[in-house]
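Take a moment with the sequence and the fold.

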Amino acid sequence: MKTPLPLLAAALVAGFLSSCASPSTPQTRIAKNPATFQSLPQKQQALVEQGKISQGMNKEAVLIAWGRPGDITKGETNGVPYERWTWFSLRPVVTQTIGMRFGYGGPRYCSPYSRHGRRGMWGNDFGYSGTDIDYVSVPARRVDFRS
């Protein structure tokens, strides 16, 4: 028996939409961990609700306030073990193209004043110049837990 195409398409769309996670906020994390949140002291509860942390908070409180870290590193400093949690954000990096192109036949200088110009020998794909924006992951927050 064949599955009708509209039914298959609807099932795929429903699966995709259900896989999209809602944004993680302190409120959504509190709702998922009410017992842990209620076990925190009153001052820490107020900070966690605002997405803030303070010295002396345990891992569970930080996890509710800031969410899962992007990286966890364990180590030791002066004989004292620690666990470092790091959160990352994306930072835009803007680069300007100054005319060096790698295309058919290797690198060549391409400018509007050259013999081939921007569209001549290489065509549109290889004659691109301008501004490129890439995003790099950079550490944004860090917390150290010491024994």
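Which residues of H4 are buried? This is a predicted model, in which local features need pLDDT of at least 70, side-chain atom pairs count only at pLDDT 80 or more, and totals for chains, interfaces and linings use all residues. Residues are numbered from 1 along each chain as its sequence is written, and side-chain values use heavy atoms, with hydrogens and water left out.

The buried residues of H4 are Gln-44, Gln-45 and Val-48. Buried means under 20% relative accessible area, exposed over 50%, and partly exposed in between (1.4 Å probe, protein chains only). Helices (H or I, at least four residues) and strands (E, at least two) are DSSP runs, numbered from the N terminus. An α-helix has 3.6 residues a turn, so residues three or four places apart point the same way.

The face of H4 turned away from its buried side carries exposed Gln-42 and Lys-43. Helices H2 (26-32), H3 (34-38) and H5 are among the elements that cover the buried residues. Just after H4, Gly-51 takes a positive phi of about 75°.

Leu-47 also sits in H4, which spans residues 42-49. Leu-47 counts as partly exposed because its relative accessibility is 24%. Beyond its neighbours within four places in sequence, Leu-47 is in contact (heavy atoms within 4.5 Å) with Lys-52, Ile-53, Ser-54 and Met-57.

Now the sheet. Three strands form an open sheet in the order E1-E2-E5, with antiparallel pairing. Two strands pair if DSSP finds at least two bridges between them. E1 (71-77) and E5 are the edge strands, each pairing on one side only. E2 and E5 are joined by 15 bridges. Tyr-82 stands opposite Arg-146 in E5. H5 packs on the sheet and touches E2 and E5.

Last comes the core. A nonpolar core is a set of buried Ala, Val, Leu, Ile, Met, Phe, Trp, Tyr and Cys residues joined through side-chain atoms within 4.5 Å. The largest one has 14 residues, of which Phe-37, Val-48, Val-62, Trp-87 and Val-143 touch the most other members. H5 (59-66), E2 (80-96) and E5 (131-146) each supply at least two residues of this core. H5 gives the most, with five. Leaving aside neighbours within four places in sequence, Val-62 contacts residues including Trp-85, Trp-87, Val-143 and Phe-145.

Note on methods:
Axes fitted to C-alpha atoms, helices over the stretch in contact; angles between N-to-C directions.
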